[in-house]
Amino acid sequence: MNYQNAQFFTSFGRLSQMPPSDRVEIAFSGRSNVGKSSLLNKILNRKALARVSSMPGKTVTINFFSLENVFFVDLPGYGYAKVSKREKEKWGELIGGYLNDGERQLELVFQLIDIRHAPSKEDIMMINFLIDNEIPFVIIFTKADKLKPSKREERMQGFAREIPCFEQITSIVASTVTGEGIEEIREIIEEVAEGAEIYHLPPDANDDYEDFYDEPSDDEPPQGFGGGYLRPNRK
Ligand SMILES: Nc1nc2c(ncn2[C@@H]2O[C@H](COP(=O)(O)OP(=O)(O)OP(=O)(O)O)[C@@H](O)[C@H]2O)c(=O)[nH]1
Ligand SMILES: [Mg+2]
């Protein structure tokens with residue numbers, strides 16, 4: 001993909017304004033200030049296509065960027081303490097409405113988590129929401145440049161305990177400062193854009209999910225999963 005060609009498409013703050021879905025969508029989710037817009041700019045090789053906020057939590061809009069057959073969707077961040085209850089409700093309606101819209105071709109969510117901290121209650125809620133609603137996602141640990149290797153190792157061990165189904169979820173450590181992880185993220189994007197099938201593990205899958213990565217037979221398309229194992233088919 002020629003990332004430089006990405007363009008701002010539209011922005012909406014109410015579900016009723018949501019543009020119709022005619023393309024594959026890849027969304028960026030995470031708490032306010034985790035680095036969603038920065039990451040999107042980095043992936044798209046642009047300085048300020050997605051606005052990097054100096055005022056976290058101020059804009060509750062979902063922003064669409066188009067590139068070839070894909071929409072990149074910059075979701076408003078959650079967890080900003082200073083917003084009012086009404087604004088939090090608005091956020092919930094908007095994000096819930098977007099993520100639950102069965103009409104859309106939401107193929108993948110990049111769920112961002114700051115590598116320096118344990119996931120917040122809302123991060124865990126979001127991960128559980130994605131699992132429960134069978135929305136494929138990849139976790140991206142952001143701001144890796146801010147941690148020394150020993151601390152990073154410590155945090156990764158922490159995440160393994162703190163994040164449900166962590167072993168089964170594809171995760172990428174990234175930094176917009178050093179560029180770490182960016183190519184890996186782009187590879188996943190390209191696969192999604194090319195229509196690569198994302199395989200869901202069956203609900204009763206235990207540790208031996210290898211079989212599942214075999215080619216599915218035509219008469220038995222991969223079924224949805226109930227257990228929450230998500231991983232683009234990259235094998
Ligand atoms: N050191 C470092 N700083 C980063 C990185 N990614 C983002 N930041 C900084 O983190 C701050 C927040 O980044 P944003 O991209 O605006 O975060 P956001 O998730 O889009 O925030 P909201 O739009 O409020 O939800 C900015 O000051 C960025 O420069 C990173 O990889 N390394
Ligand atoms: Mg942002």
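Begin the tour by selecting P19, which touches T10, F12 and F64 when residues up to four places away in sequence are left out; two residues are in contact if their C-beta atoms, placed from the backbone, lie within 7 Å. The model is predicted: local features need pLDDT of at least 70, side-chain atom pairs count only at pLDDT 80 or more, and totals for chains, interfaces and linings use all residues. Residues are numbered from 1 along each chain as its sequence is written, while chains are lettered from A and ligands numbered from 1 in the order in which they are written.

Remain at P19 and display F64: the two residues are 45 apart in sequence, and their C-alpha atoms are 9.2 Å apart in space. P19 belongs to the loop between strand 1 (7–12) and strand 2 (24–30). Helices (H or I, at least four residues) and strands (E, at least two) are DSSP runs, numbered from the N terminus. P19 counts as partly exposed because it has 14 C-beta neighbours inside 10 Å. A residue is buried if 20 or more other C-beta atoms lie within 10 Å of its own, exposed if 12 or fewer, and partly exposed in between, with C-beta atoms placed from the backbone.

Now show the whole protein chain. Its five helices and nine strands follow the order β-β-α-β-β-α-β-α-β-α-β-α-β-β from the N terminus on. Of its 235 residues, 36% are buried.

Seven strands form an open sheet in the order 1-3-4-2-5-6-7, with mixed pairing; two strands pair if DSSP finds at least two bridges between them. Strand 1 and strand 7 (171–173) stand at the edges with a single partner strand each, so one side of each has no neighbour in the sheet. On average, neighbouring strands of this sheet are turned by 25° against each other, direction ignored.

Select strand 6 (residues 137–142), which pairs with strand 7 in the parallel sense over three bridges. I140 has I172 in strand 7 as its bridge partner. Strand 5 and strand 6 also run parallel, joined by six bridges, and Q111 stands opposite I139 in strand 6. Six of the six residues of strand 6 are buried, so this strand is largely enclosed by the rest of the structure. F137, I139 and F141 cover one side, and V138, I140 and T142 the other; all are buried.

Which residues touch the most other members of the largest nonpolar core? They are I26, F28, F65, F72, V73, F110 and I140, in a core of 45 residues. Such a core is a set of buried Ala, Val, Leu, Ile, Met, Phe, Trp, Tyr and Cys residues joined through C-beta atoms within 7 Å. Strand 5 (residues 105–114) supplies the largest share of this core, six residues. Centre on F65: beyond four places in sequence, its contacts are A6, Q7, F8, F9, L49, A50, F71 and F72.

Finish at ligand 1, surrounded by 21 residues, of which G35, K36, S37, S38 and G77 are the closest. A residue is near a molecule if its C-beta atom, placed from the backbone, lies within 6 Å of it. Helix 1 (residues 36–43) contributes the largest share of this shell, three residues.

Definitions and conventions:
Axes are lines fitted to C-alpha atoms, for helices over the stretch in contact, and angles run from 0 to 180 degrees between N-to-C directions.
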